[in-house]
Amino acid sequence: MKENVEQRIERVIEEYVEHLNPGLASLLKFLGFDTVESQAEGVFVWDVRGEKYLDCLGGFGVFTLGHRHPRVVAAVQAQLARQPMSSRVLFNEVQAELAALLAEVTPGNLQYSFFCNSGAEAVEGALKLARLYTGKPGLVAAEGAFHGKTLGALSVSGREKYKEPFRPLLPGVKHVPFGEVEALAQAIDEETGAVILEPIQGEAGVIIPPEDYWPQVRELCDAHGVLLIADEVQTGLGRTGKMFGVEHSGAVPDIMTLAKALGGGVMPLAAFSATAQVWEAMIPNPLLHSSTWGGNPLACAAGLAALRTTLEEDLPRRAAILGEMFLTRLRALQERYPEVVTEVRGRGLMIGIEFREEDLAGLTIAGLAQRRVLAAYTLNNPTVIRLQPPLIITEAQADQALTAFEEAVAQAVELVRELD
Ligand code: PLP
């Protein structure tokens, strides 16, 4: 007998429990996401019941262009029909074009790029390049940072809970408070090869550093012959209201990592890019760093279409304008519930709402799910709900999301009152 929709949902969740990740299955159910996705378009995701969700999580920052943006889908379809994967020995045009476009648009015109498949891989490449160029193994990173979960990227990340079970990690890594240039100055020594920072910390809870932080970090790195790596995996490509997060400060990194939005929400694609001077170290041995899937034509076709669309439609500006709308409404909400919402932070459409307690944030996420809005907390700080909707969200859709958020907070407060 053919299974009905509810049986299908039950089966998929059971398969998660039996074959994928039982803990994650419990967490998703607790947060109210006890359904199975089936399709997506623009700012919406549909489940197998036919319920339509407004995506304010944006795949943790992947969907700046929304789901299945027609220009990205068309580019990928055309590439699929021609040549999805590379021969690896003949020159590939889309990969070359994408690297050239990145050199044109990145701050400081980072001339060389290496393409890979995930943010963590891009960070690994950036760390290797820094060590290769400087010959120095030491790294300084920020507390609360998130750079991915492979061993090197995990070493520079900031949350002990994810690192502790895997020690020993990379030696010579120091962590300093984010936004405090003095602490960074103290940490840099003759062994330090690179400083790695997010322009705005994402998973730490959307933390914006002081205005002069990045320029001062740049100066400090120059004074000590240390490379500056900007991890733009989450902030890159318009999310914060500028094409790149570092552009808010004018500081120019030596190495930049990109991922998430780079694949246009259609393909996995990541990159690390650097100045010609730094890349010089890679040139003598062209296969010193390599990846079978890295720079594949399908992903690069998506990347080219995504970058061009972001630039031509001036989506960073759109993010800046809509971000103000979100921040204004959310700050008004904070004034209404100062004992519940302790801070509202953000730039562009990278927004964090800090709650007094993790449980209140969890209840609000569940309330949003009931109202068919997708959101989640930040990975290194579960008291913060992050809103990262597609940059193509309309004002009316933003209003819908904000109304749902206001209602969900009111409901969470009511629930907690009843329990007290
Ligand atoms: N760097 C930053 C700033 C991130 O936010 C993330 C993921 O959230 C990563 C690196 C790791 O990316 P991935 O999950 O693709 O490995």
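**Figure 1. Glu-160 in a salt bridge with Arg-167.** Glu-160 is partly exposed, with a relative accessible area of 38% (buried means under 20%, exposed over 50% and partly exposed in between, with a 1.4 Å probe and protein chains only). The model is predicted, so local features are given at pLDDT of at least 70 and side-chain atom pairs at pLDDT 80 or more, whereas totals for chains, interfaces and linings use all residues. Residues are numbered from 1 along each chain as its sequence is written, and side-chain values use heavy atoms, without hydrogens or water. The closest N and O atoms of Arg-167 and Glu-160 are 2.9 Å apart, which qualifies as a salt bridge because this term covers a side-chain nitrogen of Lys or Arg within 4 Å of a carboxyl oxygen of Asp or Glu. Arg-167 counts as partly exposed, at 44% relative accessibility. The peptide bond that leads from Arg-167 to Pro-168 is cis, and its omega is near 5°. Pro-168 is placed in the loop between helix H8 (160–163) and strand S6 (173–176); helices (H or I, at least four residues) and strands (E, at least two) are DSSP runs numbered from the N terminus.

**Figure 2. The salt bridge between Arg-68 and Glu-41.** The two side chains meet with an N to O distance of 3.0 Å. Arg-68 belongs to the loop between helix H3 (58–61) and helix H4 (70–82), and Glu-41 to strand S1 (residues 37–41), so this pair ties together parts that are 27 residues apart in sequence. Both partners are partly exposed: Arg-68 has a relative accessible area of 44%, and Glu-41 has a relative accessibility of 45%.

**Figure 3. A salt bridge between Arg-218 and Asp-222, and a network of salt bridges at Glu-3, Arg-11 and Glu-15.** The side chains of Arg-218 and Asp-222 come together at 2.8 Å, N to O. Helix H10 (residues 213–224) holds both residues, which are four residues apart, about one turn of the helix. Arg-218 counts as buried, with a relative accessibility of 13%. In the other part of this figure, Glu-3, Arg-11 and Glu-15 are linked in a network of salt bridges. By the rule used here, the count of salt bridges comes to 21.

**Figure 4. Residues around the ligand.** Polar contacts are pairs of N or O atoms within 3.5 Å. A backbone N or O atom of Gly-119 lies 2.8 Å from a ligand oxygen atom, and an N or O atom in the side chain of Gln-234 is 2.8 Å from an oxygen atom of the ligand. Asp-231 places a polar side-chain atom 2.7 Å from a nitrogen atom of the ligand. The ligand exposes 390 Å² when taken alone, and the protein buries 82% of that area.

**Figure 5. A nonpolar patch on the surface.** The patch is formed by Tyr-16, Val-17, Leu-20, Leu-24, Leu-27, Leu-28 and Phe-30, which together have about 600 Å² of accessible area. Helix H1 (5–20) and helix H2 (22–30) are the elements that give two or more residues to this patch. The largest share, four residues, comes from H2. Leu-28 lies in helix H2 and is partly exposed, with a relative accessible area of 31%. Residues of such a patch have over 30% relative accessible area and no salt bridge, and nonpolar side chains (Val, Leu, Ile, Met, Phe, Trp, Tyr) are joined within 5 Å, like charges within 9 Å. Accessible areas come from the Shrake-Rupley method with a 1.4 Å probe.

**Figure 6. Positive phi values at Phe-60 and Arg-88.** Phe-60, although not a glycine, has a positive phi of about 60°. This residue lies in helix H3 and counts as partly exposed at 32% relative accessibility. Arg-88, likewise a residue other than glycine, has a phi near 75°. The loop between H4 and helix H5 (93–105) holds Arg-88, and this arginine counts as partly exposed at 46% relative accessibility.

**Figure 7. Ala-78 in helix H4.** Ala-78 is partly exposed, with a relative accessible area of 35%. Between Ala-78 and Tyr-112 the separation is 34 residues in sequence and 26 Å in space, C-alpha to C-alpha.

Definitions and conventions
Near = heavy atom within 4 Å. Polar contact = N/O pair within 3.5 Å; in protein donor to acceptor, adjacent residues only side chain to side chain.
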